[in-house]
Amino acid sequence: MNRQKNNEHRTLCARCGGQCCRTRPGIEAPERFLAQPDPAAALAALLIQNEWGLETHYGVPYTPGVTAPDPDRIIKYPRPLTIGEQDIENKDPSRSDDCIYLTPTGCSLTFEARPRMCRELVPDSCFECESPWGRREAALAWLPHQDLVLAASAALPPQEGGCP
Ligand code: SF4
Ligand code: SF4
C-alpha cells in the first residue's frame, strides 16, 4: 500500500456530507494485496466477507508507448460494496449507493485502511474534489494483475443457484 500523507479534511467533508462516498466507493490499488504472502487469498478474504466486490472497467486506457487502446477488454478491480450491493433487501433506498463504510460521522475505516482512490481524493473548498489516482489509473494498475483477480474469484464459494 502506498504511504500517503493523511489529507483528510473532516470539517469540509462534514459540510459536504460525504458526496464522494455516496456515489461510488473508491477503488483499491493492487499493492495492498501484492504485499501479502498470498495476494489472491487476501483479496478473496475481503470478497468472501461481503464487504468488498469487484467492479468492471470496460476498455484499456491508452497510454502512449505503454498500452494500446482496447475497448473490448474488461478489467476487474476491487472496491468496498455499496449498501444496496451488500444488502439487496435494503430498506432505505436513499442510502443504496452509499459505501458500506460511510457513517454519519464519516468513513469508519482508518485513513490507512481506505482504498487508494479515497486516500488520494483531495478535498476542495468548492467541492470540486479531484483525485490524481482515478479510474483510469486503477485500470492501468490492475491490468497486469488480472490473474490475481481471477484466482481470488475462483476461490469464492459458488453462488446459490449458479452453475456448478
Ligand atoms: S472529499 Fe470532497 S466530495 Fe468527498 S466528502 Fe470531502 S468535500 Fe465531499
Ligand atoms: S471507504 Fe471510506 S472514504 Fe472510501 S468511499 Fe467508503 S466511506 Fe468513503
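1. Accessibility terms come first: a residue is buried under 20% relative accessible area, exposed over 50%, and partly exposed in between, with a 1.4 Å probe and protein chains only. Cys 118 is partly exposed, because its relative accessible area is 31%. Cys 118 lies in helix H5; helices here (H or I, at least four residues) and strands (E, at least two) are DSSP runs, numbered from the N terminus.

2. Basis of the note. This is a predicted model, in which local features need pLDDT of at least 70 and side-chain atom pairs count only at pLDDT 80 or more, while totals for chains, interfaces and linings use all residues. Residues are numbered from 1 along each chain as its sequence is written, chains are lettered from A and ligands numbered from 1 in the order in which they are written, and side-chain values use heavy atoms, with hydrogens and water left out.

3. Helix H3. Which residues of H3 (residues 39-48) are buried? They are Ala 40, Leu 43, Ala 44, Leu 46 and Leu 47. These residues lie on the same side of H3 because they cover an arc of only 160° around the axis, the arc being that of the directions from the helix axis to the C-beta atoms. An α-helix has 3.6 residues a turn, so residues three or four places apart point the same way. The cover over the buried residues of H3 includes helix H2 (31-34), strand S1 (52-60), strand S2 (70-80) and helix H7 (146-154). Just after H3, Asn 50 has a positive phi of about 60°.

4. Helix H7. Here the buried residues are Gln 146, Leu 148, Val 149 and Ala 152. Their arc around the axis is only 155°, which puts them on the same side of H7. The face turned away from that buried side carries the exposed residues Asp 147, Leu 150 and Ala 154. H2, H3, S1, S2 and H6 are what the buried residues of H7 pack against.

5. Nonpolar core. The term covers a set of buried Ala, Val, Leu, Ile, Met, Phe, Trp, Tyr and Cys residues joined through side-chain atoms within 4.5 Å. The largest such core has 26 residues, and those with the most contacts inside it are Ile 27, Phe 33, Leu 43, Ile 75, Tyr 77, Tyr 101 and Trp 142. At least two residues of this core come from each of H3, S1, S2, H6 and H7. H3 gives the most, with four residues. Ile 75 is in contact (heavy atoms within 4.5 Å) with a set of residues that includes Glu 55, Thr 56, Val 60, Ala 139 and Trp 142, leaving aside its neighbours within four places in sequence.

6. Salt bridges. The rule asks for a side-chain nitrogen of Lys or Arg within 4 Å of a carboxyl oxygen of Asp or Glu. Nine salt bridges are counted by this rule. One of them joins the side chains of Arg 119 and Glu 28, at 3.5 Å from N to O. Arg 119 is in helix H5 and Glu 28 in the loop between helix H1 (10-16) and H2, so the pair ties together parts that are 91 residues apart in sequence. Arg 119 is buried, with a relative accessible area of 2%, and Glu 28 counts as buried at 0%.

7. Arg 79 forms a salt bridge with Glu 55, with the closest N and O atoms 2.3 Å apart. This pair links distant parts of the chain, Arg 79 in strand S2 and Glu 55 in strand S1, 24 residues apart. Arg 79 is buried at a relative accessible area of 7%, and Glu 55 is buried with a value of 7%. The side chains of Arg 116 and Glu 120 also meet in a salt bridge, 2.8 Å from N to O. Both lie in helix H5, four residues apart, about one turn of the helix, and both are buried. Salt bridges that share partners join Arg 24, Glu 55, Arg 79, Glu 85 and Arg 135 into one network.

8. Two loop positions. Thr 82 lies in the loop between S2 and helix H4 (83-86) and counts as buried, at 5% relative accessibility. Beyond its neighbours within four places in sequence, Thr 82 is in contact with Pro 25, Ser 96, Asp 97, Asp 98, Cys 99 and Ile 100. Leu 121 is in the loop between helix H5 (116-120) and helix H6 (135-142). The C-alpha atoms of Leu 121 and Arg 24 are separated by 13 Å, the two being 97 residues apart along the chain.
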